[in-house]
Amino acid sequence: MTTLQILVDGFAISSLYALAAVGFTLIFGVSGVLNLAHGGIMLVAALVGWWVAGSTPLGTYGGTLVGILAGLLTAYLTYFLVVRPIQRSTAIAQEEKEIFVLTGTLLWGIMIQTGMAFVFSDNPVTMRPLIRGVVDVFGVRTPRNEVMIAVLCWVVIGLLWLLINRTRAGKQMLAASINPRGLTLLGFDLSQIYFRVWTIYGVLAGLAGVLLASFLGVGTANAGQLTASAFSIVVLGGLGSVSGSLIAAYVVGYLETITAYLIAPTLRPIPALILLVLVVYLRPQGLLGRR
Amino acid sequence: MTRAFNRRLLIAGAIFVLVATVLPLWLSAYVLGVLTTAYYFGVFSMSWDLLFGFAGEVNFGPTFLIGLGAYTAALLDNAYHPPVVVCIAVGALAALVGGVLLALPALRLRGPYFGLVTLVAVLLLQNAIVIFARFTGGEIGMTVPDVMTIDPKLNYWYALAFFVVSAILLYGLSRSAVGLILQASGQDAVEAQALGFNVTKHKLAAFSVSALFSGVAGAMLVFYMGAASVGTIIDIGIGVQIIIGAVLGGRRTILGPAVGAIFLVVAAEVLRPLGQLNTFIVAGVALAVILFFPDGLLGHVLRPRENA
């Protein structure tokens with residue numbers, strides 16, 4: 001019985017992790033940016049979504065949409081206010097750009113977090129489920145909302161796959177991640193491609209934020225933890241590898257669920273951290289990463 | 001070494017030490033308390049800068065080293081009540097050993113991976129403290145039976161003396177031949193290696209020195225505050241503050257980070273009436289500085305030859 005419970009519960013949380021991490025890895029793969037404001041962006045989407053759903057006549061679905069839009073807007077702000085100025089700055093040496101982007105997005109993430117705490121207080125909030133009721137999955141009573149979240153995550157990830165592999169815009173992104181210089185030589189505008197990637201990222205992070213709010217609940221104190229878990233999933237899977245991140249999301253999700261069920265809920269994050277350290281030492285490029 | 005301490009800097013430093021030493025005659029115990037903490041943070045940022053600014057390694061976990069020093073000292077004091085000096089020495093040793101154990105394998109990694117491992121080290125330490133709450137007090141923290149002194153002036157002078165000594169040692173180190181080699185390995189490891197320098201050995205040495213100073217400062221901070229807790233010593237937020245202080249003051253200058261860190265602690269105290277917004281403003285100012293003045297507040301003053 002517990003086994004089934006772990007399988008079902010772990011699947012839902014892992015799918016959500018996967019959705020949140022895919023955007024993060026996409027941005028790194030295409031534009032080489034490790035966005036440490038990731039948790040902050042999810043936070044904005046979650047809190048705005050929660051507020052609109054609870055305090056305006058738009059209702060839960062309206063709240064979800066507005067929340068995603070808020071996430072997208074925050075992603076744009078991150079790109080235009082922090083990342084792009086650093087990338088274009090002439091005062092910063094090329095080899096130091098990476099650390100400046102890290103520090104800059106980290107600071108920006110703190111600003112988002114404290115700003116949100118100021119506006120919405122730092123109490124954790126939970127959005128009303130998008131769908132009510134319970135269903136039986138392999139004999140485990142599961143909230144319908146949880147099933148819906150898992151399905152939705154996979155639909156979105158599937159759409160993303162189609163977008164990247166089957167459309168012209170997606171192929172340009174793929175090319176940008178492999179050889180940006182070659183792409184510019186062929187006459188494509190890199191900044192336009194980066195803009196598109198950030199758009200996709202914003203939508204993905206926003207959606208993940210809103211779904212997280214309706215599944216586990218979100219508080220401003222979680223922002224750092226959210227960034228850290230996305231970061232570790234992405235490193236585990238191999239920086240820049242989308243399929244690696246998907247697998248890693250399930251590894252981490254299930255490890256956490258198993259620990260929480262079989263050992264103690266307080267130890268939840270620890271095995272994943274230890275695994276991460278091991279992987280980084282033994283296979284720094286991650287499970288499916290390329291060097 | 002003759003060029004290392006140029007005259008202007010020497011005079012400015014002497015004036016600072018002189019003014020800082022006599023300050024307790026006028027200032028209240030409250031202001032002295034803020035400055036005492038600020039000096040310890042100055043040491044944290046300086047040791048971080050040695051590793052990042054010179055060796056080019058991003059250490060996201062300065063609080064791992066600080067926490068090791070602080071908690072080892074606190075646990076020892078609670079268990080056997082040795083003199084405070086012994087506790088601080090053992091704490092420093094623990095930070096050094098922990099730092100080397102972390103750095104030995106981690107230095108094989110590059111860039112973001114090294115940063116990630118140090119970040120994970122902090123999270124693991126934090127979790128370990130919560131799990132062994134019976135000994136460490138968990139999230140609430142633990143008190144220590146002994147303190148260095150209860151006199152705020154004496155505490156201030158201890159912190160100031162330690163700060164000044166650390167500043168002289170770290171700055172001297174950064175301007176010595178070793179500092180140059182570190183800087184070379186940070187900027188172009190392959191070329192430094194080709195010139196015959198053992199890059200890993202130097203980076204390991206930098207990490208050890210950084211760990212030693214962080215450990216001593218962490219342990220002293222515990223015996224100043226009379227308590228150790230995750231929230232005040234190990235939390236990632238504290239590490240971020242140290243890093244921001246260093247970047248704000250001007251990385252690769254050692255003294256800049258010290259000024260930056262002190263500025264941050266004092267600014268946070270001045271802005272305290274704003275409540276939650278104070279972190280927002282401090283982070284915003286720091287972001288503006290790194291966007292518009294990437295060399296930091298003191299970068300141009302202390303590093304004139306850099307861009308020539």
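Two residues are in contact if their C-beta atoms, placed from the backbone, lie within 7 Å. With that rule in hand, one can read this predicted model from the place where its two chains meet.

**Where the chains meet**

By this rule, 29 residues of chain B are in contact with 32 residues of chain A. On the side of chain B that touches chain A, helix 5 (111–131), helix 12 (236–249) and helix 14 (277–292) of chain B each supply at least two residues, and the largest share, 10 residues, comes from helix 5 of chain B. Sorted by class, this side of chain B has 24 nonpolar and five polar residues, while the number of charged residues there is given as none.

The table sets out some overall values for each chain.

| Chain | Secondary structure | Box filled by the C-alpha atoms, along the principal axes | Buried residues |
|---|---|---|---|
| Chain A | 11 helices and two strands | roughly 55 × 50 × 35 Å | 50% of 291 residues |
| Chain B | 15 helices and two strands | roughly 50 × 45 × 40 Å | 50% of 308 residues |

Followed from the N terminus, the elements of chain A run α-α-α-α-β-β-α-α-α-α-α-α-α. The radius of gyration of chain A is 19 Å, close to the 19 Å that the globule rule gives for 291 residues, so chain A is as compact as a globular protein of that length. For chain B, a compact globule of 308 residues would have a radius of gyration near 19 Å, and the value for chain B, 19 Å, agrees with this.

Among contacts in chain A between residues at least 6 apart in sequence, 73% join residues at least 24 apart. In chain B, residues 24 or more positions apart account for 78% of the contacts with a separation of 6 or more.

**The hairpin of chain A**

Strand 1 (residues 134–137) and strand 2 (residues 140–143) of chain A run antiparallel and are joined by four bridges, and V137(A) stands opposite V140(A) in strand 2. The hairpin that these strands form has two residues between the strands, and in this hairpin F138(A) takes a positive phi near 50°.

Helix 1 (residues 7–22) of chain B has 16 residues and reaches 23 Å from its first C-alpha to its last, close to the 22 Å expected at 1.5 Å a residue. Because the number of buried residues among these 16 is zero, helix 1 of chain B lies largely in the open.

Helix 4 (residues 84–106) of chain B has 23 residues, which at 1.5 Å a residue should span 33 Å, and its end C-alpha atoms are 32 Å apart, in agreement with that expectation. Several residues of helix 4 of chain B are buried, among them C87(B), I88(B), G91(B), L96(B) and L102(B).

**Two loop residues of chain B**

H81(B) lies in the loop between helix 3 (62–80) and helix 4 of chain B, and its phi is near 50°, a positive value in a residue other than glycine. With 13 other C-beta atoms within 10 Å, H81(B) is partly exposed. I254(B), which lies in the loop between helix 12 and helix 13 (255–270) of chain B, has a phi near 60°, again a positive value in a residue other than glycine. I254(B) is buried, with 29 other C-beta atoms within 10 Å, and a residue counts as buried if 20 or more such atoms lie within that distance.

Key. Residues numbered from 1 in each chain as written. Chains lettered and ligands numbered in written order. Predicted model: local features only at pLDDT ≥ 70, side-chain atom pairs only at ≥ 80, totals over all residues. Expected span 1.5 Å × (residues − 1). Buried ≥ 20, exposed ≤ 12 C-beta atoms within 10 Å, placed from the backbone. Rg over C-alpha atoms; globule rule 2.2 N^0.38 Å. Nonpolar A, V, L, I, M, F, W, Y, C, P; charged D, E, K, R; others polar. Pairing = 2+ DSSP bridges.
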